[in-house]
Amino acid sequence: MLSKQVIINNETGLHARPASMLVKEASKYQSEITITVDDKEANAKSIMSVLALGAKKGQTVQIRVNGLDEENALQGVHSLFEQNFGE
């Protein structure tokens, strides 16, 4: 299992568009991908689960990846946060 912390820097947090980008990226991989904000945990492959986090700018997100392609999955998901979801 791999994990990494990242801070949400885009103005709107994980609203609909960034959440859908996250789900689309996470769904490319076989690994299980979980994101945690405060004490809430979400399956990164489920749009409803990600939106339910209510993640806002400035919050810390823990990305956890477990599976066969976990290195690539972590890199792909992490890069979305690093690029502020294109905002």
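**Aromatic pairs**

Two rings of Phe, Tyr or Trp (its six-membered ring) count as a pair for me if their centres lie within 6.5 Å. With that in hand I searched the whole structure, which is a predicted model, and one aromatic pair came up. It is made by F81 and F85: I get 5.0 Å between the ring centres and 75 degrees between the planes, so I file the pair as edge-to-face. A pair of rings is described by the distance of the centres and the angle of the planes, so I noted both. Are F81 and F85 buried or exposed? I checked, and both F81 and F85 are buried.

**Overall layout**

Next I went through the secondary structure. I count three helices and four strands in the protein. Reading from the N terminus, I wrote the order down as β-α-β-β-α-β-α.

Then I turned to contacts along the chain. Taking contacts with a separation of 6 or more, I find that 70% are between residues 24 or more positions apart.

**Surface and interior**

How much of the protein is buried? I have 43% of the 87 residues down as buried. For the accessible surface I noted about 4900 Å², and carbon and sulfur atoms own 48% of that.

On the outside I picked up a nonpolar patch made of I47, M48 and L51. Together these residues have about 270 Å² of accessible area.

**A look at T34**

My last stop was T34, which I located in strand β2, residues 32–37. Buried or exposed? The relative accessible area of T34 is 17%, so T34 goes in my buried column, where the limit is under 20%. I also asked which residues T34 touches, leaving out those up to four places away in sequence. My list for T34 reads E41, A42, Q62, I63 and R64.

Note on methods:
Residues numbered from 1 in each chain as written. Predicted model: local features only at pLDDT ≥ 70, side-chain atom pairs only at ≥ 80, totals over all residues. Heavy atoms only, no water. Phe/Tyr/Trp six-rings, centres within 6.5 Å; stacked < 30°, edge-to-face > 60°. Buried < 20%, exposed > 50% of the residue type's maximum accessible area, 1.4 Å probe, protein only. Patch = residues over 30% accessible without salt bridge, like charges linked within 9 Å, V, L, I, M, F, W, Y side chains within 5 Å. Areas by Shrake-Rupley, 256 points an atom, 1.4 Å probe, with all protein chains shown as cover. Salt bridge = Lys/Arg side-chain N within 4 Å of Asp/Glu carboxyl O. Helix = DSSP H or I, 4+ residues; strand = E, 2+ residues; numbered from the N terminus. Contact = heavy atoms within 4.5 Å.
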